[in-house]
Amino acid sequence: MAGFLARRLLNYVALIVVATSLAYMLAASALNPRSNYEQRTPPPPPAVVDARLDELNLNDETPLFQRYLRWSWGVLRGDFGRTVAGDEVNADLARRAGVSLRLILVGLFVGSIAGVLVGALAAVWQYGVFDRLTTGASFIVLAVPTVVLANILIIGAVWFNDLVGAQIFLVSGETTPGLEGGLPAQLFDRLRHLVLPTLSLSLGLIAVYSRYQRNLMLDVLGADFVRTARAKGLRRRTALTRHALRTALIPAATYFAFTFGALLTGTTFTEKIFGWHGLGERLIDSIFTNDVNTVAAISCLAAFAVLLAALASDLMQAVLDPRVRMG
Amino acid sequence: MTLPEEQLTEQRSAVAEAGVRVPSRGRVVAGRFFGSGWGRAGFALLAAVFLLAFAGPLVSPWSYTDKDFTAFMAPPSAAHWFGTLQTGADVFAVTMRGMQKSLVVGLLAALVSTALAAVIGAFAGYFLGWTDRMLTWVTDLLLVLPAFLILAVMSPMFAGGQWPLFVFMLALFLWMVTSKVVRGMTVSLKEREFILAARFMGVSPTRIIFRHVIPNLSSLLVVDATLNVSAAILTETSLSYFGFGIQPPDVSLGTLIADGAKTASYAPWTFWFAAGLLIVTVLAVNMIGDALRDALDPGSRRSR
Amino acid sequence: MRDEPVLTVSDLSVTFGMGRGAVHAVRGVSFDVRPGEVLGVVGESGSGKSVSALAVMGLLPPNARVSGSVRLLGTELLGASDKRLADFRGRALSMVFQDPLSALTPVYRVGDQIAEALMVHRRLTRAQAARRAVELLDLVGIPSPEQRAMAFPHEFSGGMRQRAVIAMAIANDPDVIICDEPTTALDVTIQAQVLDVLRKAQHETGAAIVLITHDLGIVAGFVDRVLVMYAGRPVEVGTVDEVYYRSRMPYTLGLLGSVPRLDRGEHGRLVPIVGNPPSPAALPEGCPFSPRCPLVVADCRSAEPPLLPVRHGGHLAACVRAGEIDGGDLPPERIYRAPERAAPRPVHAPREEREVVLGVDGLVKHYPLMRGAVFKRRIGTVRAVDGVTFDLREGETLGLVGESGCGKTTTLMEILRLVRPQAGTVAVLGRDISALASSQRMAIRRDMQVVFQDPMSSLDPRMTVYDILAEPLRTHGRRDLGPRIQELLSLVGLEPRHAARYPQDFSGGQRQRIGIARALALSPRLIVLDEPVSALDVSIQAGVINLLEELKERLGLSYLFVAHDLAVVRHIADRVAVMYLGRIAEVGAVGRVYDSPMHPYTQALLSAVPIPDPEKERARRRILLEGDLPSPASPPSGCRFRTRCPLFKAIGEAERLRCVDEEPRVRPMGGDHGAACHYAESLDVL
């Protein structure tokens, strides 16, 4: 048991190391931090640029492998280096991680719960109005990329705010800077900022989960054990919720690991478009600013998050399924 | 729940016994596909989208590189069916160009990724052992790598007509989940008796994989290829939206949507035509995928 | 009151789908059951017997249309609301399903699931229900029920799950229990246990039982009255003796004649019923049995004959010629004729002088026992095959029998894989497989072929019959395949035009013939058959068995015939080897082993097989084994069978010591008959 766990963790570490290293190498060879300086007016003297790049370990004239060694030595000590602006990557990302985490957790919570609920109900009322309606809606949502969805939400919110003549939905940032008022006002302000990004993030999730859960549910609806439950005298609805839904939840937990990667990408778009200063926003900015160290650090975090999600979904499965738990 | 599959095959065999010509599998699937509302609608939509994207530019007076210096940001009119952009470019022409790109990129990436998924998954599942461990590790690695970030970082390499490389990289990040499914199904298929029979008569493993394993996963693969088309189009659009995908001077729906979003509130035509056509395209592909799944695997009751 | 029926079903019909595609699965079934009575419903797959049961329970899917009447204790059930039906289900009317593996919800404890059945219908506290659940588990014979109630279904064996389902079914003292193939998924010794439990449950509750099965043997010993179904309709009804000894419907006669009998040793051909059961979607005109009936006359095709009384005592039959059969104008034994032998029985040299085609000596196959889907780890070693020795000589059929988990399939796979075994030797056609060059391996692959159990999954659904038959030929570099494929098809009784079709266009029996043709393609000398007829209906099975026997005689083949059906093995095999927990318990000529089994396990196994003969069944004494097969990961010390052995219980303390300490080897019992028991003695169990 312990041996197995250790092997598995070791494999995870190896995956993270290789993934991060690959990302670093790729970023270091594809991105060109020198161009940041060349575009300045007046351009700084080459010697100054070189010195600055050397200091940041970003000089493209230093062999890639040498830069990699210096970078990985830093990473081993827990230091992801400096951004192009000279700030510490660690501090910068730590500040932003909280923002992203808030967005992801709320989105995930809303998305998975609503998705499972919608899917289960659609399966129970197969071919009914609700089923047709949600199936149609989820098809349309699945055809809308997050970037478009986010923009449509913003356009809709602006239109709505104009219509009622008040700023109901706020479309930029996490809070209103310099807002006066007590805690309730602060919370309300946050909520108004949160609604649209959460929708943008979780609508897709709801659509995916509802389709998946509906199929799982349909698979168990005809299962023998549901028939047994009804044969002992349970009403159809009781048999469905107590026996079918409970069993159909198990594979949904496994599915969670697969959707997590998509969720991370979705967060990136949502943050960028709604102006939340999270990791996703930094990711896109860092590519524009040729920020090699930040790109590598974010890759590392993303890899870590995906593996954490995989582990979480395994654990969830173990909690839900006695066959896994005992076995 | 419908009739057990067994009874349907009995029915089929009874019909065959009676000397009636048994329709081939392809015809049966096509019949089921076009018999469903979703299948017909999806097919019609996609055909319309293709027709529009490839025949539309032929009848339009403007090419996507043309600029009309007499009309900047003009609303739709007889001269400019979808209006014009700030640069004077004809929205219809650039949107059609963008759709062409998206469709071609989507189709090719889906094809490549499904082929990758089939071969890698089948080999991992058939041989197990070290082959499996290695291939699974690579699959996991690609799952762990943030695809969007890698593609974005590589975006400068896609400039200057290097879009086939872009297609390949897109495909490289699309195949993993399908491959895991293929692997799982191969593991169980491997114990199926017709595979055992082939093994015990001395057929070589590679031959078994290509003759028995992959053909028997074709329903899954066809459906997945379809769904990968929409996934590829969506990824391409998102990348291009941020300027990481199709590089100027070429256009894609993503770049158009990005530009249009900024002006959407006062010039809706700059946003909604591109966004709308993108949604319709992906919707059509998804509908086809769904109807195909039903048609190929009537027992699964997957959707609808 | 005693004779008032508890359940009356009249003119029950079930239709799936609409219009032209409509499938009439059940077409007018009527029966009634009195308190304490056992009604057997027999029929082959697709005869509508299970659908009828679900219709009575009101558990059919919504796309089924049901008509007729189902009255339980005077109350009409058809068309009642779900709420009302739910009140009856589990209380007055309960059901035991076929597949115990999927009948219990995997995520709840067994005890809780039984308690749930109690609490739906009675005002009980959780604790009371839990206590009662334990009592019920005890009643159905589950050892240490307090602990087992806390277990999850996956920790139960198949037999124990079925007991739990029975416990659930009798929890509320029902008036009628419907059992749908309750033992089909179980091994024969477990089947005997479960039938025993059912009998006890009926005794306890006084309930009427409707037993649905395809097994004519079970019906003979268990039921009072029988209803034979064909194509969605009852075709013969009567007391079990009437129906078995004085059958008046040609289908019933054919069915009884086509079953291989455990108690009959002569090697005559079986009497198959020609053709296939009709699909409910494409029924023939008139009597649905007419295309297969040897007595068919013009009248049969004009209208479907009604079910009419033929004799006293409520014996009914649906046949226009039932009167002739009954009147003695058509003696039943002359209706079906056994097919003639195509070739005279070949004369073999004495066994010792014939070549050993397959020699297995001390074969061992262990594999790691892994546990956990998330945290996978090795927790032990499954000793699937643990020292198996037998030989198969030219022109001979060796039956390898045993229950699931005994290692017979693993043995077969080890032989077929042709790689060096973990221990022991396997020699095919005189060559040791552990030292083969690849060309020699290919040569053996050509000479040794295999036929699998499931005719659906043994043929690649994406290939035509032509390609399926061509594959072995192409693999071994044959050219000009056309004529050979035609020849193969005619050899197994199929037609040349079948070559262009796909496997799904054939019925089960035909598919199995294609599988046999593929095995014959390379003119092998040895064919390994893995349960080749167990997936087929009785009436089809007989034809395939006859084909196998005929081919063996014509082509001089040797068969290794792996099966769990002892009656089939008795019919087809020359010698038999009985396996238990990875070892051979007894081996010898079929006649010797069946007529005077020496090993207590063989005795129990044979006594557990029901015989389709009511009088014999009533007179037989069953040796019931206790408990389940021990885990092959930790077999008992000494003799593996001692934990369940009736003989072990009977012998003295001192003698037992030997069974615990010393593992018995197969020792000769005269001739080539051998048994692995220290205290083997003969016993007649048939």
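How far apart do the end C-alpha atoms of residues 12–31 of chain A lie, and how much of that span is helix? Before I answer, please keep in mind that what we are looking at is a predicted model. The end C-alpha atoms of that span lie 28 Å apart, and the span is 95% helix with 0% strand.

I began with that stretch because an unreviewed UniProt entry places a "transmembrane region" there, along with residues 103–125, 137–160, 191–209, 244–264 and 295–316 of chain A. For residues 137–160 of chain A, the end C-alpha atoms are 21 Å apart, and the span is 92% helix and 0% strand.

Staying with chain A, let me turn to a helix pair. The axes of α5, residues 89–124, and α8, residues 183–221, come within 5 Å of one another and cross at roughly 35°, and the crossing of α5(A) past α8(A) is right-handed. The residues in that contact divide into 20 nonpolar, nine polar and two charged.

Chain B carries the feature as well: the UniProt record, again an unreviewed entry, places "transmembrane region" at residues 41–59, 103–129, 141–159, 165–182 and 269–292 of chain B. Residues 41–59 of chain B are 100% helix and 0% strand, with end C-alpha atoms 25 Å apart. Over residues 141–159 of chain B, on the other hand, the chain is 58% helix and 0% strand, and the end C-alpha atoms are 27 Å apart.

Now to where chain A meets chain C. The contact takes 29 residues from chain A and 36 residues from chain C. On the chain A side, α1 (2–30), α9 (224–231), α10 (236–274), α12 (292–320) and α13 (322–326) each supply at least two residues, and the largest share, seven residues, comes from α9(A). By class, this side of chain A has 12 nonpolar, seven polar and 10 charged residues.

Chain C itself is assigned four domains: domain 1 (7–223), domain 2 (233–263 + 273–336), domain 3 (351–573) and domain 4 (587–675). The C-alpha centres of domain 1 and domain 2 of chain C lie 29 Å apart, and 14 residues of domain 1 are in contact with 11 residues of domain 2. On the domain 1 side of that contact, β2 (23–33) and α8 (216–222) of chain C each supply at least two residues, with the largest share, six residues, coming from β2(C). That side of domain 1 of chain C has seven nonpolar, five polar and two charged residues.

P309(C) has L316(C) as its bridge partner in β12(C), and among the three residues between the strands, G313(C) takes a positive phi near 70°.

I will finish with an open sheet of eight strands in chain C, which has mixed pairing and the order β18-β19-β20-β15-β21-β22-β24-β23. Why is one side of β18 (448–451) and of β23 (667–668) of chain C left without a neighbour in the sheet? These two strands stand at the edges, each with a single partner strand, and therefore one side of each has no neighbour there. Further in, β22 (residues 583–589) and β24 (residues 674–675) of chain C run antiparallel and are joined by two bridges, and in β24(C) it is G674(C) that is the bridge partner of V587(C).

Methods. Residues are numbered from 1 along each chain as its sequence is written. Chains are lettered from A and ligands numbered from 1 in the order in which they are written. This is a predicted model: local features need pLDDT of at least 70, side-chain atom pairs count only at pLDDT 80 or more; totals for chains, interfaces and linings use all residues. Helices (H or I, at least four residues) and strands (E, at least two) are DSSP runs, numbered from the N terminus. Two strands pair if DSSP finds at least two bridges between them. Domain bounds come from an automatic or database domain assignment. Two residues are in contact if their C-beta atoms, placed from the backbone, lie within 7 Å. Ala, Val, Leu, Ile, Met, Phe, Trp, Tyr, Cys and Pro count as nonpolar, Asp, Glu, Lys and Arg as charged, and the others, Gly among them, as polar. Axes are lines fitted to C-alpha atoms, for helices over the stretch in contact, and angles run from 0 to 180 degrees between N-to-C directions. A crossing is left-handed if the near helix is turned anticlockwise from the far one by less than a right angle, and right-handed if clockwise.
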